[in-house]
Amino acid sequence: MFSFTVAAVVFGVVFLAELPDKTALAGLMLGTRYRASYVFAGVAAAFAVHVALAIAAGSVLSLLPHRLVQAVVGVLFLAGAAVLLFKKDEDEEEVKKPADQSFWKVSGAGFMMILVAEFGDLTQIMTANLAARYDDPFSVGVGAVLALWAVAGLGILGGRTLMKYVPLKLITKVAAAVMVLLAGFSLYEAIVG
C-alpha cells in the first residue's frame, strides 16, 4: 500500500541531501552541452537503478531485529549528516563529450556518469536506511526516485539560477539537520523500543 506521507518525507530528505551533491553540477554541465531531454533520460534511468538497489538493501535490513536496525540506521544518519557538514567542495568532474548528439550517445553518457559516480553515494545509503526504517519499499522508492529526478532536472535546467538565490551551504546545513533529526528518532526507537 502506498503511503504519501512516507514518500513525502523521503522526497524531502533525499532532495535536500542530493541538491549540494556533484550530481546537480554534473547535470548542469551536461545540460549546457547537450539536449536537456536526452541528458535527463539517461540520468533518470541511472537513478532508478540506484534506488532499486538501495531498496533491496533496505529490505534486507528490515529482516533484522528492529532495535538493531534502528540503532544502525541512527548511526548511519549521523554519519551522513557528518559527511554533509564536513565534506570539502569537489571540483566539477570532466565528462567526455559523446562523438555525436544522438539520443543514445547523450543519454548513455548521462546514464554511465551517474551510475558510476553515484554508486554507494550518501543518498543511496540514505534510501536503504529509509527503506529499512519505514518498511515500505514502494513509498520509499517513489519518494527517492522523484527527489533524485527533481534534483537532476533542476541541475540540468536551472542549477545556476537556483544557486544564485539559495546558498549551497544553507541547503547542506538543512539536509544535515534533517538527517540528525532522523538519527535521533531512530536511536530513540532503538533504546526505548
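Helices are DSSP runs of H or I with at least four residues, numbered from the N terminus. Axes are lines fitted to C-alpha atoms, for helices over the stretch in contact, and angles run from 0 to 180 degrees between N-to-C directions. The model is predicted, and local features need pLDDT of at least 70, side-chain atom pairs pLDDT 80 or more, while totals for chains, interfaces and linings use all residues. Residues are numbered from 1 along each chain, and side-chain values use heavy atoms, without hydrogens and water.

**Exercise 1.** Find how helix α1 (residues 4-18) is oriented against helix α6 (residues 122-134).

Solution. 
- Step 1: the two axes, of α1 and α6, come within 10 Å and cross at roughly 160 degrees.
- Step 2: α1 is therefore roughly antiparallel to α6 (angles over 145 degrees count as such).

**Exercise 2.** List the residues of α1 that meet α6, with their partners.

Solution. 
- Step 1: contact means heavy atoms within 4.5 Å.
- Step 2: α1 brings Val6, Val9, Val10, Val13, Val14, Ala17 and Glu18, and α6 brings Thr123, Met126, Thr127, Leu130 and Tyr134.

**Exercise 3.** Describe the lining of the second largest cavity.

Solution. 
- Step 1: a cavity is a set of points on a 1 Å grid over the protein atoms alone where a 1.4 Å probe fits but cannot get out, and lining residues have an atom within 4 Å of a point.
- Step 2: the lining consists of Phe47, His50, Val51, Ala54, Glu118, Thr123, Gln124, Thr127 and Leu148.

Conventions: Helices (H or I, at least four residues) and strands (E, at least two) are DSSP runs, numbered from the N terminus. Angles under 35 degrees count as roughly parallel, over 145 as roughly antiparallel, 65 to 115 as roughly perpendicular and the rest as oblique. On a 1 Å grid over the protein atoms alone, a cavity is a set of points where a 1.4 Å probe fits but cannot get out, and a pocket is an open set with protein on both sides within 12 Å along at least five of seven lines; lining residues have an atom within 4 Å of a point.
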